[in-house]
2 protein chains.
Amino acid sequence: MTSHYKLTIEYDGTPFCGFQFQPGMLTVQDELEKALVQINKGIRPKVYVAGRTDTGVHAFAQVVHVTLDTDYNAFKVMNAANHYLRDTLKPQSVSVIDAQLVKKDFHARFSAIERSYVYKIINRQAPIAIDANRAWHVYIKLDVKAMNKAAQFLVGHHDFTSFRSTECQGSTPMKTLDELSVYKAGNFIEIKARSRSFLHHQVRNMVGTLKLVGEGKWVGENIKKALDAKDRRAGGPTAPAHGLYLLDVKY
Amino acid sequence: MTSHYKLTIEYDGTPFCGFQFQPGMLTVQDELEKALVQINKGIRPKVYVAGRTDTGVHAFAQVVHVTLDTDYNAFKVMNAANHYLRDTLKPQSVSVIDAQLVKKDFHARFSAIERSYVYKIINRQAPIAIDANRAWHVYIKLDVKAMNKAAQFLVGHHDFTSFRSTECQGSTPMKTLDELSVYKAGNFIEIKARSRSFLHHQVRNMVGTLKLVGEGKWVGENIKKALDAKDRRAGGPTAPAHGLYLLDVKY
């Protein structure tokens, strides 16, 4: 008999060439599928993901689904997957943090109704000793309030062409951004983005552009102008991958 | 001419055998002093620390003082120290995050009027993919409210013999604990401890004992009994070093 599982995954993106399988590369998908072979009668299952992440991007709670040829309960699948991941990866940079038995029509990508990302910045002169691969180190003093105010120009239903990778394969640049907030959180400046779905590099491009506001090179209205231009060249630079975390996926 | 500096230091404790110099071992003090040689006419200066930390313990804001044979301003000392630390340590696991010129009578240890530590726990079944060396991984579900309530028995002026390493060299076991709070913070359970000064292993011993309350093996009153016993054997086990961070030192 086969069973259909929803797995929630945490990973440190540092060692990986992103989520998606690429021959000969270390990817999260490859490690997960190799671990799940062990509880799928030796056959490699296909893992479907809520949102592919790029090289270096982290996830606190990525979601995948997988169909396995077993009647294991979800807890057993979680523990077995972690057992095999621990054997392969040292340190164990991928962990299955939750598992649920779900109906056959559950699809990690197509059933999702909301995705949240958080982008972390450490804003100071000094080098980073803790969290070096976990946040963008920005030297120039950023104005967090100005960034948050400017971010509100991007909230709502818009054509996000100016903030979309030129390699993005999405069928439309129209997206509804439900939240884009910039705030201080302990040693970090965090930028939280929430939407049904995002374009390729959208969060990193929005962050890279908001940094221009934070350092005083742009005023808030420049964000609106960039959006209205519907041209990637009108947006700011792409923030580095290692500050970005997939935070949550809602169904 | 000589100048007297207060330096604030961040470090990831993972690679270090603690703060204090030990011949042939990787220590924070050794790395700092080796870096400062470069701006002290080739002579190794002595660095004095607010609170020595053990192997594996981290610091967001450790404080040291040092006298250097130079008239460099504080900013230049910070940048020079970071330059040499970056050359020696890869990744740069020690960073000077602030520097101040101070009067000759400023002493990192003896002038301090308050020290704060935070202890981080990740409380879940699944292995830790992010922050593996940065928090104590506790599998058994902890009752945070019960831990916080029990912690209040330790706040105040007490004989902390039951929570002091038997190797502690402090002249007295009497300390005034100003705060011991247990709360959820994102993916973590955090325990914050604030006092003029602490005994050796005091925070880790209090945390290890509060865990007994959190998992239901002890009730809150057992904490009071342990305290009253004035015997290390009456306290709970020592929590591991890698969950502990020196958070702040006030002067």
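Trainee: Before we start, what counts as a nonpolar core here?

Mentor: A nonpolar core is a set of buried Ala, Val, Leu, Ile, Met, Phe, Trp, Tyr and Cys residues that are joined through side-chain atoms within 4.5 Å. Please keep in mind throughout that this is a predicted model.

Trainee: OK, so which residues touch the most other members in the largest one?

Mentor: Those are B:Leu7 and B:Leu32, in a core that holds 71 residues. Domain 1 (3-101) and domain 2 (114-250) of chain B both contribute residues to this core, so it lies between the two domains.

Trainee: And what does B:Leu32 touch?

Mentor: Leaving aside residues up to four places away in sequence, B:Leu32 is in contact with B:Ile9, B:Phe19, B:Val47, B:Val64, B:Leu85, B:Val94 and B:Val96. Apart from that core lies another one, of 69 residues, which includes A:Val64, A:Leu89, A:Tyr117 and A:Ile189.

Trainee: Do they meet through the same surface or different ones?

Mentor: Through the same surface, because 100% of the interface residues of chain B are also interface residues in chain A.

Trainee: Let's look at helix H5 in chain B; which of its residues are buried?

Mentor: In that helix, which covers residues 220-229, B:Gly220, B:Ile223, B:Ala226 and B:Leu227 are buried. Looking down the axis of H5(B), one finds these buried residues within an arc of 110°, so they line one face of the helix.

Trainee: What does that face pack against?

Mentor: The buried residues of H5(B) pack against helix H3 (144-151), strand E7 (156-159) and helix H4 (202-214), which belong to chain B. Just after the helix, B:Lys230 takes a positive phi of about 50°.

Trainee: Which other residues have a positive phi, say in chain A?

Mentor: Among them are A:Lys41, with phi near 55°, and A:Asp131, with phi near 75°, and each is a residue other than glycine. A:Lys41 is found in the loop between helix H1 (28-37) and strand E2 (48-49) of chain A, whereas A:Asp131 lies in the loop between strand E5 (114-123) and strand E6 (136-138) of that chain.

Trainee: Are those two buried or exposed?

Mentor: A:Lys41 is exposed, with a relative accessible area of 62%, while A:Asp131 is buried, at 14%.

Trainee: Last one: where are the cis peptide bonds?

Mentor: One joins A:Lys90 and A:Pro91, with omega about -5°, and another runs from B:Lys90 to B:Pro91, with omega near 0°. A:Pro91 is found in the loop between helix H2 (74-88) and strand E4 (94-101) of chain A, and B:Pro91 is in the loop between helix H2 (74-88) and strand E4 (94-101) of chain B.

Notes
Residues numbered from 1 in each chain as written. Chains lettered and ligands numbered in written order. Predicted model: local features only at pLDDT ≥ 70, side-chain atom pairs only at ≥ 80, totals over all residues. Heavy atoms only, no water. Buried < 20%, exposed > 50% of the residue type's maximum accessible area, 1.4 Å probe, protein only. Domains from an automatic or database assignment. Contact = heavy atoms within 4.5 Å. Helix = DSSP H or I, 4+ residues; strand = E, 2+ residues; numbered from the N terminus. Arc of directions from axis to C-beta.
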